[in-house]
Amino acid sequence: MDLSMKNSLFIIIGIICTGAGIVFRVFADKGVMGTILIIAGIAAFLYAQWGIAEAFAEIARAKGYYEECMQILTVKGVTMESKEKEQINARKKNMRIYSVHRMLTFDLLFYYAIKFLFLTQVKGFTASDIVVVSAFLGLFKVLFQIPITVVIDKIGNRRSLIIADLFQATSVTVIMLSNSLPVLIIGNLFGAIAVAMKDVAEPGLLNSSIPDVKEKSQIYSKIDGKSVGNFYYISAFSAIVSGFLFDINGYIPMTICVIILLISALLATGFTELT
């Protein structure tokens, strides 16, 4: 069965809800909350199976935008050779993957809602330490803008996105394991490189995947806007769930964040570099 993004999204939610519910019931002695989460997880699975989550059908929309582009090209009398058809299929695939990738990596899911609590209560850092690290993070982002652009030009958008996701996963992992301020700063260094790389490579990849037609900017805005909108739905959900999971074990939300980033890196391997 070819799953659209709506099905993938609700399957992810179903796994998280069901897993959290089992943890609540078995380990946290919170039977009511666990039961509610398990029921929500089962409902999400059914929602995905029935395919009625139209609000999240971004991949289908991306396909529609693509077909719209192809109709415009056909009306203009553009003939397509076999090589051009392969490139068209690559464009179509890129737009589909982009919708899911952007949704999962626009920002760190399950992380920011508990970041301060994790660093202070679990790792023992002070509020002043966090301010210092945040200052370094901002500085790193500025310093890496130009060098990262040069690197992306050398290795391409596809490889850059894979590296960015892996660097971001490394960043969160280092933060999880940090026991001193220098190590925490190094963790944020990896994160700054990842953000700088993704902010350039991701828009570039989508832009190169959309055919050069008059409506290109509108199509770009639709795909990107819907993907970001779907991210905020998941982000709101993850912020609520991460609070409950943090009460059980502070490392659980951080681990889920790393898993999502690794999944995103795997998704990015499906992109095709287009010129």
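The largest nonpolar core of this predicted model has 22 residues, a nonpolar core being a set of buried Ala, Val, Leu, Ile, Met, Phe, Trp, Tyr and Cys residues joined through side-chain atoms within 4.5 Å. Buried here means under 20% relative accessible area, with exposed over 50% and partly exposed in between (1.4 Å probe, protein chains only). Phe118, Leu119, Val172 and Met254 are the residues with the most contacts inside this core. At least two of its residues come from each of helix H5 (115-122), helix H6 (127-143), helix H8 (157-177), helix H9 (181-209) and helix H11 (251-268); helices (H or I, at least four residues) are DSSP runs, as are strands (E, at least two), and they are numbered from the N terminus.

Leu119 gives a handy view of the packing. Leaving aside residues up to four places away in sequence, Leu119 touches Gly124, Phe125, Ile130, Ile175 and Leu184, where contact means heavy atoms within 4.5 Å.

Because the model is predicted, local features need pLDDT of at least 70 and side-chain atom pairs count only at pLDDT 80 or more, while totals for chains, interfaces and linings use all residues. Residues are numbered from 1 along each chain as its sequence is written, and side-chain values use heavy atoms, with hydrogens and water left out.

The structure holds 3 salt bridges, a salt bridge being a side-chain nitrogen of Lys or Arg within 4 Å of a carboxyl oxygen of Asp or Glu. In one of them, Arg102 pairs with Glu202, and the closest N and O atoms are 2.8 Å apart. This pair links distant parts of the chain, with Arg102 in helix H4 (residues 82-105) and Glu202 in helix H9, 100 residues apart. Arg102 counts as buried at 13% relative accessibility, and Glu202 counts as buried at 0%.

Arg102 also meets Asp224 in a salt bridge (3.0 Å, N to O). Here too distant parts of the chain are linked, since Asp224 lies in helix H10 (residues 216-248), 122 residues from Arg102 in helix H4. Asp224 is buried, with a relative accessible area of 15%.

Glu202 has a further partner in Lys198, their side chains meeting in a salt bridge (3.6 Å, N to O). Lys198 and Glu202 are separated by about one helical turn, because they are 4 residues apart in helix H9. At 8% relative accessibility, Lys198 counts as buried. Taken together, Arg102, Lys198, Glu202 and Asp224 are linked in a network of salt bridges.
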